Amino acid sequence: MAPETMTDVDVRMNEAVLVSLLMQRDNAFQMERSGLRTRAEVERLIRNTAPFYFGTSFGKRWFEAQAPGWQGTDMMDVAGPIVTGLDENFMRDYYISLRIAPEANAP
């Protein structure tokens with residue numbers, strides 16, 4: 001919720017998850033090139049998971065920082081526009097939506 005308060009260890013721990021995610025997606029593109037997945041399946045995987053990893057200001061900034069290394073690849077052609085279009089408040093709003101409001105008549 002407040003990436004500016006993250007310690008270096010917090011950043012590194014989050015970054016490790018994001019690197020793993022990009023490697024998973026790269027693997028999905030390799031599977032597509034081998035005929036084991038369709039482009040639609042890979043794109044659906046990215047659309048379904050991207051908000052949960054890059055739907056924060058930290059996640060979006062981190063992805064943008066990685067973009068130069070992925071230029072000209074399927075990753076940027078498919079994932080780039082998806083991540084760019086994400087609301088950086090997605091995760092905040094998602095967690096808020098999952099919380100159950102206290103009942104008005106609770107004892």
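This is a predicted model: local features need pLDDT of at least 70, side-chain atom pairs count only at pLDDT 80 or more; totals for chains, interfaces and linings use all residues.

Trainee: How are two packed helices described?

Mentor: By the angle between their axes and the distance between the axes. Helices (H or I, at least four residues) are DSSP runs, numbered from the N terminus. Axes are lines fitted to C-alpha atoms, for helices over the stretch in contact, and angles run from 0 to 180 degrees between N-to-C directions.

Trainee: At what angle do helix 3 and helix 4 cross?

Mentor: Helix 3 (residues 57-70) and helix 4 (residues 74-84) cross at roughly 160°, with axes that come within 11 Å. The pair is therefore roughly antiparallel; angles under 35 degrees count as roughly parallel, over 145 as roughly antiparallel, 65 to 115 as roughly perpendicular and the rest as oblique. Helix 3 passes helix 4 in a left-handed crossing (the near helix is turned anticlockwise from the far one by less than a right angle; clockwise is right-handed).

Trainee: Which residues of helix 3 and helix 4 make the contact?

Mentor: Contact means heavy atoms within 4.5 Å. Helix 3 contributes Lys 60, Phe 63, Ala 67 and Trp 70, and helix 4 contributes Met 75, Met 76, Ala 79, Gly 80, Val 83 and Thr 84. Seven of the residues in this contact are nonpolar, two polar and one charged. Ala, Val, Leu, Ile, Met, Phe, Trp, Tyr, Cys and Pro count as nonpolar, Asp, Glu, Lys and Arg as charged, and the others, Gly among them, as polar.

Trainee: How do helix 1 and helix 3 cross?

Mentor: Their axes come within 11 Å and cross at roughly 50°, so helix 1 and helix 3 are oblique to each other. The crossing of helix 1 and helix 3 is right-handed. Among the contact residues are Leu 18, Leu 22 and Asp 26 of helix 1 and Trp 62, Phe 63 and Trp 70 of helix 3.

Trainee: What does Asp 26 touch?

Mentor: Asp 26, in helix 1, touches Trp 70 and Met 75, not counting residues up to four places away in sequence.

Trainee: What is the volume of the largest pocket?

Mentor: Rolling a probe the size of a water molecule over the atoms shows where empty space is left. On a 1 Å grid over the protein atoms alone, using a 1.4 Å probe, a pocket is an open set of points with protein on both sides within 12 Å along at least five of seven lines, and lining residues have an atom within 4 Å of a point. The largest pocket has a volume of about 450 Å³. Its lining has 19 residues, and the closest to its centre are Met 1, Thr 56, Ser 57, Phe 58 and Met 91. By class, eleven lining residues are nonpolar, six polar and two charged.

Conventions. Residues are numbered from 1 along each chain as its sequence is written. Side-chain values use heavy atoms; hydrogens and water are left out. Helices (H or I, at least four residues) and strands (E, at least two) are DSSP runs, numbered from the N terminus. Grid points are joined across faces, edges and corners, and a volume is the space filled by probe spheres set on the points.
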